[in-house]
Amino acid sequence: MPQPEPNDATAAPDTALPPPPPPPPAEAVAPLMRGITVLHRLTEANGVLSLSGLERATGLARSTVDRIVATLARMGYVRLDGRDATLTPRVMELGNAYLAALRLPELLSAHADRLADELDESVSLAVADRDGIRFIHQATRRRAMSLSFRIGDLLPAERTAPGPLFATEWTEEDWRTWRERRAGDPRNSSYRTIPPLPNTAHATDDNFIRSTERAANDNCALDDQLIEPGLVAVSVPVRDPRTARIACVANVVSHTSRHTAADLRDTLLPRLRTTVAAMEETLRQAPPPHPAPPPAGLATWTGASKQELGREFIESLARGLTVLTAFGEGRAELTLTDAANATGLSRATTRRALITYEHLGLVTPAPHRTFTLTPQVLSLGFPPLSRTTLPRIATPHMTTLTAEIQETTSLASLTDAGDEIQYTAQATAGHVMSVNITLGTRHPAASTSLGRALLTPSPHTVLDEELEQGVRTIAVPIHDRAGRVIAALNAAAHVARRTPEQCVDEILPALRATASHIETDLHTAARFTHVPLT
């Protein structure tokens with residue numbers, strides 16, 4: 001391990017500043033850079049920000065913000081809720097491209113989940129991201145006091161257990177970058193996911209250097225309340241069997257009310273090491289990835305959108321973002337030609353997008369004139385959406401559906417026993433007399449259209465006044481990524497407003513279309529995260 005130079009940065013933390021970032025290359029795509037800035041600000045705001053707030057946060061002109069948001073809305077990455085721009089699950093396809101190309105979540109997440117169940121503690125997987133760490137998987141315990149970190153969150157290396165392990169492989173240039181960052185931000189104030197440090201930067205940095213030396217000897221590392229009082233963690237590196245370098249780090253997090261740092265080493269570390277050994281064996285035996293087909297027709301779609309929306313649609317932004325989706329499983333490293341062929345874009349357009357992303361740190365050059373995505377791609381909307389739920393995904397679509405058909409719509413799933421349904425979301429129509437059921441209410445599954453849609457293979461179910469006189473309902477199922485029915489969506493109308501035939505002719509097509517939209521968002525969100533049904 002290269003030895004870090006004396007920590008001059010902490011000797012004068014108030015005056016030493018990191019060098020300014022380099023200017024963008026002449027061929028960088030300015031609209032793409034501005035669009036990435038908007039996505040970053042939305043992510044930092046937990047996924048929702050007013051248009052005027054975006055104007056202030058980005059420093060862009062309001063007209064520019066409006067055009068960027070309109071373009072992202074056309075792509076399905078944001079929606080406009082009044083004056084607010086809100087990230088949607090579809091933006092997670094950018095982070096999914098990185099995680100699919102990486103393969104580690106697909107191969108190792110089941111091991112992490114089993115360990116979390118065995119220990120009844122939160123378990124995470126993290127990768128190195130410059131001089132920080134970024135989470136790629138979380139198996140979190142549901143407690144009154146539980147871990148708040150999300151997939152895609154970035155933490156400074158010196159405040160975590162995985163950090164010293166990654167630092168054992170740092171070069172002198174890596175240490176220099178870390179010192180410059182510590183000089184410019186000695187309290188970690190730029191990291192929004194953790195509380196800032198007290199004015200003890202020198203001690204923190206010295207401790208990190210010593211922790212890195214211990215991690216090199218012990219092949220593990222401890223976090224004894226580095227982030228905040230009460231939070232403790234232990235980490236072990238998962239090594240790539242081809243190179244013996246660290247592929248990711250497995251991390252077990254607890255609270256001092258359950259374990260001290262010493263307890264973690266004595267009681268949890270042996271089981272963590274056993275799991276890591278199984279993870280490394282999985283990596284050793286993993287077959288080569290099977291490339292999935294890249295998204296088709298993207299270039300044609302962007303051109304058609306430009307024709308339809310005119311100057312409100314920023315074609316260079318949309319085309320640039322599609323380049324990120326060219327990567328994925330079996331497409332971890334792409335040449336310029338590969339990326340152009342996958343997106344249908346010209347080589348010149350693809351080249352300028354890659355130049356822009358390299359400048360922004362979202363892609364990095366790889367051997368044989370190829371490019372790979374970096375963990376920073378997860379900063380494009382993934383963290384605030386990584387803990388979404390099915391009701392949150394469905395509600396905006398249901399609101400749109402209710403406005404279209406002017407009838408109340410509801411979402412429900414089966415209880416654990418399987419004999420009842422539980423209402424989890426609702427959009428109420430504006431009639432003087434309309435259906436209004438309290439969320440959480442349970443009904444016998446067999447006596448509701450929602451329950452029958454969940455229990456039977458029928459593509460839709462119509463129920464006529466069986467649950468309550470005067471109420472006619474029609475329901476369709478909601479499927480997960482594996483094709484299993486996990487929820488149902490219905491519309492309820494008074495019998496005086498719709499006949500059964502009118503429900504089928506007038507409501508069913510819109511109901512099915514809405515179910516399809518919900519499924520699309522659900523499948524995107526659930527590719528690498530757990531999406532609760534309630």
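**Exercise 1.** Which residues are linked with Arg 182 in a network of salt bridges?

*Solution.* The structure is a predicted model. In it, the network of salt bridges links Arg 182 with Asp 131, Glu 158, Arg 181 and Asp 205. Across the model, the count comes to 28 salt bridges.

**Exercise 2.** Determine whether Thr 204 is buried or exposed, and locate it.

*Solution.* Thr 204 is found in helix α9, which spans residues 201–218. Its relative accessibility is 12%; buried means under 20%, and Thr 204 therefore counts as buried.

**Exercise 3.** Characterise the salt bridge between Asp 464 and Arg 472 and the exposure of each partner.

*Solution.* First, the N-to-O distance in this salt bridge is 2.7 Å. Next, Asp 464 has 34% relative accessibility and so counts as partly exposed. Finally, Arg 472, at 8%, counts as buried. In the salt bridge of Arg 150 with Asp 153, where the closest N and O atoms are 3.0 Å apart, both residues are buried.

**Exercise 4.** Describe the placement of the salt bridge between Arg 284 and Glu 281.

*Solution.* The side chains meet at 2.6 Å, N to O. Both residues belong to helix α10 (residues 261–285) and stand 3 residues apart, about one turn of the helix. With a relative accessibility of 32%, Glu 281 counts as partly exposed.

Definitions and conventions. Residues numbered from 1 in each chain as written. Predicted model: local features only at pLDDT ≥ 70, side-chain atom pairs only at ≥ 80, totals over all residues. Heavy atoms only, no water. Helix = DSSP H or I, 4+ residues; strand = E, 2+ residues; numbered from the N terminus. Buried < 20%, exposed > 50% of the residue type's maximum accessible area, 1.4 Å probe, protein only. Salt bridge = Lys/Arg side-chain N within 4 Å of Asp/Glu carboxyl O.
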